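Q: I am new to this structure, and I would like to learn how to read its features one at a time. Could we begin with the surface and then work inwards?

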Amino acid sequence: MTEFNHNTFISPFTWRYGSPEMREIFSERHKRILMRTVWIALAKAEAVCGLVTESQIEELETHKYDIDIERASQIEAEIKHDVMAEIKTYAGQCPHAGAIIHLGATSMDILDNMDAMRLKEALNLIIRESRKLLSSFIDKAEEYKNLACMAFTHLQPAEITTAGYRISQSIQDLCDDIIRLEEVCSSIRGKGMKGAVGTGASYKELVQGRGMTAAELEETVMRELGLEAFDAATQIYTRKQDLKVIEALSSLCATMYKFAADFRIMQSPPIGEWSEPFGKKQVGSSAMPFKRNPINCEKIDSLARFVSSFYMTAWQNSVTTFLERTLDDSANRRIMIPEAFIATEECIITLEKVVRGMNIHECAVKKLMDSYGVFSATERLLMELGKRGADRQEMHEVIRMESLKAWAEVQEGRENNLRENLEKDERILAFLSKREIDSLLDADSYTGDACMRTEMVLAKARQILGRP
């Protein structure tokens, strides 16, 4: 048997990324156990119409977990057919039942139902971990929902938001992703037992005169597997199902990419408001001992882009399995589906750790607010001047000119003197007192409905999690 170790190429998804649970779902052993699960379900259905005996079923179940990949690989090397190799291996373990394994079936009756079962298992794991990520997001947004900070448009200081409200944008997207993932998971269907081109002709012939129709046989098998079957199929289930799964994973990755990319900007020293958790013994750079790079968020963005690249492959698979079947999808699905799930899961696991351990540096928040917050608050000053009867256009020009002077001062590294200059401008003092101007230019309180809207998002997120 081929040995896989670090002396030969192995995928990073084999050992570096993802959880042991997800890697097991897509392991070769688990795949073959699920294949045998389908064969047993088929045998049980065929037993109803007298084609299989109870003792044969018992023998199949006895050897269900006796996976022998070495023997199957030897057989496959000779006959060049992976499913037949597994059938022969299983049959060799079941001298009494071997003759009825795969009776009436074609390979994709087994493989596509197996894949549907794996998709549901993997989606359920992704959903479970996404909900854990959502919980960490909720806690962080709740903690910082009132912390006023600079918002940015065009990567330039804009108005004031709160740290919690910024996080709530990702929470809102993540909620939509979880709902979509749950919808996709509940919609997963197997091919059913429809034979070589999906007509069920072999099964109809098999059960004819035995008190069961081919459709009833299929229904019995799928009930045993806990799956619904597509009403129509060719030799395979429609690859639009894979496209739907990849789209949902890609959408989740888009949510994580956006937050991680924003996090990287927020960790850059000119802003410096957020930072990833950093271990005491963690090394940031082999050359620069002082470095604290956002490596976790960078990994998330790297893997998220990788997942997004599978969308076109899944799309092409859905259209290039010409007529009833070609193998245009076969080889790439062996790679695409496991890697899409494992990469997505690695993003979730990593981001959950980042969110749970993220640092929000309030001193950096204050520094930016001191430098730029008052510019944003001038909008409120302008609104109040208009309410007091001032000429809106004239006041706009006054504030604009003073803001340009103050901005130049900030760019030169000096303190922002806009507040002081506006508080002594006689044109403004004609309508407002110095104390009123000072209050209106308090940027910390100029956050609109940010806190309320954060609570709206959190309430819906808690509802998804069943949290009070």
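A: A patch is made of residues with over 30% relative accessible area and no salt bridge, where like charges are joined within 9 Å and nonpolar side chains (Val, Leu, Ile, Met, Phe, Trp, Tyr) within 5 Å. Accessible areas come from the Shrake-Rupley method with a 1.4 Å probe, and for residues only the protein chains shown count as cover. This is a predicted model, in which local features need pLDDT of at least 70 and side-chain atom pairs count only at pLDDT 80 or more, while totals for chains, interfaces and linings use all residues. Residues are numbered from 1 along each chain as its sequence is written, and side-chain values use heavy atoms, with hydrogens and water left out.

Q: Which residues form a nonpolar patch on the surface?
A: Tyr311, Met312, Trp315 and Val319 do, with about 370 Å² of accessible area together. Tyr311 is found in helix H13, residues 310-320 (helices are DSSP runs of H or I with at least four residues, numbered from the N terminus).

Q: Is Tyr311 buried, partly exposed or exposed?
A: Buried means under 20% relative accessible area, exposed means over 50%, and partly exposed lies in between (1.4 Å probe, protein chains only). Tyr311 counts as partly exposed because its relative accessibility is 33%.

Q: How should I read a salt bridge, and what is the case for Lys387 and Glu384?
A: A salt bridge is a side-chain nitrogen of Lys or Arg within 4 Å of a carboxyl oxygen of Asp or Glu, and by this rule the count comes to 38. The side chains of Lys387 and Glu384 meet in one of them, at 3.2 Å from N to O. These two residues are three apart in helix H15 (residues 362-387), so about one helical turn separates them. Lys387 is exposed, at 67% relative accessibility, whereas Glu384 is buried, at 15%.

Q: Which residue forms a salt bridge with Asp438?
A: Arg419 does, the closest N and O atoms being 2.9 Å apart. Asp438 lies in helix H19 (residues 434-440) and Arg419 in helix H17 (residues 418-423), so the pair ties together parts that are 19 residues apart in sequence.

Q: Which residues touch the most other members of the largest nonpolar core?
A: A nonpolar core is a set of buried Ala, Val, Leu, Ile, Met, Phe, Trp, Tyr and Cys residues joined through side-chain atoms within 4.5 Å. Of the 137 residues in the largest one, Ile171, Phe341 and Leu381 touch the most other members. Helix H7 (residues 107-143) gives the most to this core, with 17 residues.
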